[in-house]
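Here is a briefing on one protein chain. The points below are grouped by topic, beginning at the surface.

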Amino acid sequence: GTQLIFSDGRTASYQGVRYFSKTSGQNTPGIWGDEYEVTGSGSGVNREGDSYTWSVTSPLLKRMQLGCARTFVRGVISVQNVDASRNLEIDFDPFNNAACDRTAKALFGNRSVTFTVR
């Protein structure tokens with residue numbers, strides 16, 4: 001696992017397993033046009049001392065093309081906290097089109113925010 005130490009002395013930890021699978025581009029030279037799916041799960045403790053688990057609930061798709069290579073174009077990550085009101089879900093395809101638009105949606109409790117992934 002990984003431990004983070006913040007400037008105020010509090011710590012957080014993270015551990016997990018991620019699986020990468022190349023789903024497209026095996027027969028083409030270079031990386032452009034390649035696609036990868038990512039799955040996995042793990043757990044940790046935030047800097048307030050609360051434990052959480054995370055899992056990829058819908059496989060994450062990474063497409064190697066200009067504008068897409070730094071984020072996912074599809075998939076969902078779910079974070080379950082000890083305090084269920086603080087659960088978080090991030091959907092990398094809020095418009096259900098797997099577009100290379102760097103747009104994701106976070107669901108936190110009963111609130112939802114659409115944002116641009118930088």
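Leu66 is exposed in this predicted model, because its relative accessibility of 73% is over the 50% cut-off. The residue sits in the loop between strand 4 (51-63) and strand 5 (74-81). Together with Ile31 and Trp32, Leu66 makes a nonpolar surface patch of about 370 Å².

**Confidence**
- Mean pLDDT for the chain is 92, and 100% of the residues reach 70 or more.
- Among the elements, strand 1 (residues 2-5) has the lowest mean, at 92. Strand 6 (residues 88-91) has the highest, at 97.

**Disulfide**
- The whole structure holds one disulfide.
- Cys68 and Cys100 form the bond, with sulfur atoms 1.9 Å apart.
- Cys68 lies in the loop between strand 4 and strand 5, and Cys100 in the loop between strand 6 and strand 7 (103-108), so the bond ties together parts 32 residues apart in sequence.
- Cys68 is buried, at 1% relative accessible area. Cys100 is partly exposed, at 29%.

**Strand 1 and strand 2**
- Strand 1 and strand 2 (residues 11-24) run antiparallel and are joined by four bridges.
- Gln3 stands opposite Ser13 of strand 2.
- Five residues separate the two strands of this hairpin. Gly9 takes a positive phi there, near 90 degrees.

**Salt bridges**
- A search of the whole structure finds six salt bridges.
- Glu48 and Arg10 meet at 3.5 Å, N to O. Glu48 lies in the loop between strand 3 (35-45) and strand 4, and Arg10 in the loop between strand 1 and strand 2, so this pair ties together parts 38 residues apart in sequence.
- Glu48 is partly exposed at 46% relative accessibility, and Arg10 is partly exposed at 35%.
- Asp8 joins Arg10 and Glu48 in a network of salt bridges.
- Lys22 pairs with Asp34, the closest N and O atoms being 3.2 Å apart. Lys22 belongs to strand 2 and Asp34 to the loop between strand 2 and strand 3, so parts 12 residues apart in sequence are tied together.
- Lys22 is partly exposed, at 34% relative accessibility. Asp34 is buried, at 1%.
- Arg63 and Glu35 form a salt bridge at 3.0 Å, N to O. This pair links distant parts of the chain, with Arg63 in strand 4 and Glu35 in strand 3, 28 residues apart.
- Both Arg63 and Glu35 are buried.

Key. Residues numbered from 1 in each chain as written. Predicted model: local features only at pLDDT ≥ 70, side-chain atom pairs only at ≥ 80, totals over all residues. Heavy atoms only, no water. Patch = residues over 30% accessible without salt bridge, like charges linked within 9 Å, V, L, I, M, F, W, Y side chains within 5 Å. Areas by Shrake-Rupley, 256 points an atom, 1.4 Å probe, with all protein chains shown as cover. Salt bridge = Lys/Arg side-chain N within 4 Å of Asp/Glu carboxyl O. Buried < 20%, exposed > 50% of the residue type's maximum accessible area, 1.4 Å probe, protein only. pLDDT = per-residue confidence, 0-100. Disulfide = S-S within 2.5 Å. Pairing = 2+ DSSP bridges.
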